[in-house]
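Welcome! Open the model in your viewer, and let's walk through it one selection at a time.

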Amino acid sequence: MAPHPPKPDELPSAFRDIMIEYSERVMASACTLLELLSEALGLNPLHLKEMGCAEGLLLMGHYYPECPEPELTMGLSKHSDGDFMTILLQDQIGGLQVLHQNHWVDIPPVPGALVVNIGDLMQLVTNDKFISVEHRVLANRQGPRISVAGFFRRHEKTGEPTSKVYGPIKQLVSEESPPVYRETSLKDYLAHYYEKGIDGTSSLLHFRL
Ligand SMILES: O=C(O)CCC(=O)C(=O)O
Ligand SMILES: [Fe+2]
């Protein structure tokens, strides 16, 4: 949806208008959240936005079919997101869990509420000050589950190089807190993220110094 939004007539009419409106609103929320996160890091409120953390938005609609034997499988297995931040809208079915102190904790749906996840790229640029969250989705027999995940990071048209380089923010590293990650271009980061796949390990291990 950003920075290269599809032409409206490329979107199915059933969700064309709502997808465009939702994108605008979720982008505005992301910018507010990035200001708060920047302040929490002791940076200028516009720091994360100016780095391009919300320069791109990919909306992904998930449909998890109802499952007759949910104990034998997963809706979506354990992973952390390969972006700066994810804003997630889930329906009333439930099943999303986050890994907290080695325990899977339910994130029950709250009507009208969005779930915000810190992604791996945010962990990298904040030099581990913010940690990306590992999460998964259980399969269920109650009925199909639908969610819409909005991934914030720059997205290019197929074939365009994503040469922007990211590393720990200079103001967040010091002698006492040396860089934990090497700099990487978004292109190399994404190549690694997708090549590795969802295998239960963190994409960040590859970039740790
Ligand atoms: O469907 C959900 O609630 C989570 C989806 C998710 O984690 C993802 O798309 O990365
Ligand atoms: Fe995710």
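Select V98 to begin: V98 stands opposite H135 in β7. Now show the two strands, where β4 (residues 96-100) and β7 pair in the antiparallel sense over 3 bridges. Here two strands pair if DSSP finds at least two bridges between them, and helices (H or I, at least four residues) and strands (E, at least two) are DSSP runs, numbered from the N terminus.

A word on what you are viewing: this is a predicted model, in which local features need pLDDT of at least 70, side-chain atom pairs count only at pLDDT 80 or more, and totals for chains, interfaces and linings use all residues. Residues are numbered from 1 along each chain as its sequence is written, while chains are lettered from A and ligands numbered from 1 in the order in which they are written.

Next, widen the view to the open sheet of 4 strands, ordered β2-β7-β4-β5 with antiparallel pairing. β2 (76-79) and β5 (103-106) stand at the edges with a single partner strand each, so one side of each has no neighbour in the sheet.

Now select ligand 1. Residues around it, with a C-beta atom, placed from the backbone, within 6 Å, include M60, H62, D81, Q90 and H135. Elements giving two or more residues to this shell are β1 (57-64), β3 (85-90), β7 (135-137) and β8 (145-152).

Last stop: A30, in helix α1 (residues 16-40). Is A30 buried or exposed? A30 is buried, with 22 other C-beta atoms within 10 Å; the cut-offs are 20 or more for buried, 12 or fewer for exposed, and partly exposed in between, with C-beta atoms placed from the backbone.
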